[in-house]
Amino acid sequence: MCGIGGFVDYQRDARQFLPAAQRMKRTLTPRGPDAEGGFSSPDALLVHRRLIVIDPDGGRQPMYSPDGNTILIYNGELYNTEDIRSDLVLRGHHFTGHSDTEVLLHAFLEWGTDAFPRLNGIFAFAIWQKAERRLTLCRDRLGVKPLFLARTDGGLVFGSTIGTVLCHPDVEPAIDADGLRTLLLLGPARPPAAGVFRQIESLLPGHYAVLTPERYTDEAYWKLEAHEHPDDLPATIARTHELICDAAQRQLVSDVPLSCFLSGGLDSSILSMLAAKDYAARGETLHTWSVDYRDNDKYFTKSSFQPNSDNAYIKMMVEALGTAHHNVVIEPEALCAALLPATDARDLPGMADVDSSLLLFCAEVKKGATVCLSGECADELFGGYPWYHREEILFEDTFPWSRSVGLRLSLLAPDVVQGGAEFVREHYLATCRRAEKLPSDSKKDARMREMFVLNLDWFMATLLEGSVAEG
């Protein structure tokens, strides 16, 4: 994980805001503890903090094109780096290192914004072209990597975190009525394009934005589409197996220690199995990590989300895979003490003890590994939650995880939030309308498509935001 930030100002000398750029860089230190860099010119300032995973020397940022005109700052990983590199070499490009950053830069030099649909990965990046005075921002298809921005009179401010954007003096730390409704009635989720603070927005997943002295544009380079499923069950199983194996294999590329989160569930167990096989083929042992809580064996309570404790399944998988396993036990007192630091890491109120436990867990994992594979968000993609298969929840006409708007409003004074129920309702309906449907869909099929978009745009985004902040 790395962090990016910066701003463009076409009306004033951007270099007069160097102190703001330094503050922006400091907010990104937890995301990128290993190295830092920056670029400044009369029009633009860019800052970068790096967590080194691949090519420590060849991946330094900002990264410049051979002619020095194009500058890239990048947060993410490309899983098809070698595929793109091979294509670019055939087109005459030369590389000095083996980082995905350099491949991304050359892909942009070759194809411009047409390069973005070619990228298989998780990323948020900014590209400044000096001669054209043009800034290009881009975010991955599902929004794994965050990217916030604020329009100003002179241009634009952007950053990996809300706090980074708020460092610029032109961005006021003020929350308007919509921001208050979001925090109190939709939180910990937020509308996909919202940054909660009045001036701040989030670049949508699968989108790129271009800023020039004349205009600002925001376009989609990818969107989720509905198609008929042409395969029978055996072919579907084979294709799913192929995709999961390919995705896992591509994410095992690292120049630093890598391990896996292991909860004993299907998602983390499958990833750990694939990684363990890869490590065994190299004569190495995979390290896995799990989290538990003091006295959890006494107080564990079954729910529709977790009908069983994890421990028995973790033990089963560790024995089957032969991993070097680490079990992190969190004390309740520490969990409570980490609530505020976890909120600071997310920049907004989040998922309470879920966030604080993740923060403490990742702090322990970092002592032994820099990169961890996780099965996070498999439930969103593969329909694991109760609201996918329990029809009484599936067909409830509201966000399935936020059915208590009336209760929340009852806890507030009448004048604190105006139009709150209508605000939540419109966001829910707007999300359902975004779900493409087919004429052949049954009522349940159509509702399942809506449910997947509700989860991808809202629930998954909340989990990813927390994972990125704490990790």
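Modeller: Let us begin with glutamate 364 and lysine 367, whose side chains meet in a salt bridge at 2.9 Å, N to O. The term salt bridge is used for a side-chain nitrogen of Lys or Arg within 4 Å of a carboxyl oxygen of Asp or Glu. The model is a predicted one, in which local features need pLDDT of at least 70 and side-chain atom pairs count only at pLDDT 80 or more, while totals for chains, interfaces and linings use all residues. Residues are numbered from 1 along each chain as its sequence is written, and side-chain values use heavy atoms, with hydrogens and water left out.

Glutamate 364 counts as partly exposed, at 30% relative accessibility, whereas lysine 367 is exposed, with a relative accessible area of 65%. Here buried means under 20% relative accessible area, exposed means over 50%, and partly exposed is in between (1.4 Å probe, protein chains only). Side chains of opposite charge can pair when their charged atoms come close. A search of the whole structure finds 33 salt bridges. Another of them joins glutamate 392 to arginine 390, at 2.8 Å from N to O; arginine 390 is partly exposed, with 34% relative accessibility.

A further salt bridge lies within one helix. Glutamate 82 and arginine 85 make this contact at 3.1 Å, N to O. Both residues belong to helix H2, where they are 3 residues apart, about one turn of the helix. Helices (H or I, at least four residues) and strands (E, at least two) are DSSP runs, numbered from the N terminus.

Arginine 85 has a second contact, for its charged end sits over the ring of phenylalanine 95, 5.3 Å from the ring centre. Such a placement is counted if NZ of Lys or CZ of Arg is within 6 Å of the ring centre and within 35 degrees of the ring normal.

Rings of Phe, Tyr and Trp (its six-membered ring) pair if their centres lie within 6.5 Å; planes under 30 degrees apart count as stacked, over 60 as edge-to-face, and the rest as tilted. By this rule the count comes to 18 aromatic pairs. One of these pairs, phenylalanine 261 with phenylalanine 361, is tilted, with 5.0 Å from centre to centre and 45 degrees between the planes. Phenylalanine 261 is in strand S13 (residues 258–261) and phenylalanine 361 in helix H12 (residues 353–365), so the pair ties together parts that are 100 residues apart in sequence. Phenylalanine 261 and phenylalanine 361 are both buried.

A further pair, phenylalanine 399 with tyrosine 428, is edge-to-face: the centres are 5.6 Å apart and the planes make an angle of 75 degrees. Phenylalanine 399 lies in the loop between helix H15 (391–394) and helix H16 (405–410), and tyrosine 428 in helix H17 (residues 420–434), so parts that are 29 residues apart in sequence are tied together by the pair. Phenylalanine 399 is buried at 1% relative accessibility, and tyrosine 428 is buried at 2%. Elsewhere, one aromatic cluster is formed by Tyr74, Phe108, Phe116, Phe123, Phe125, Tyr208 and Tyr221.

Phenylalanine 382, in helix H13 (residues 378–382), counts as exposed at 55% relative accessibility. With Leu142 and Leu381, Phe382 makes a nonpolar surface patch of about 280 Å². Patches consist of residues with over 30% relative accessible area and no salt bridge, like charges being joined within 9 Å and nonpolar side chains (Val, Leu, Ile, Met, Phe, Trp, Tyr) within 5 Å. The accessible areas come from the Shrake-Rupley method with a 1.4 Å probe, and for residues only the protein chains shown count as cover.
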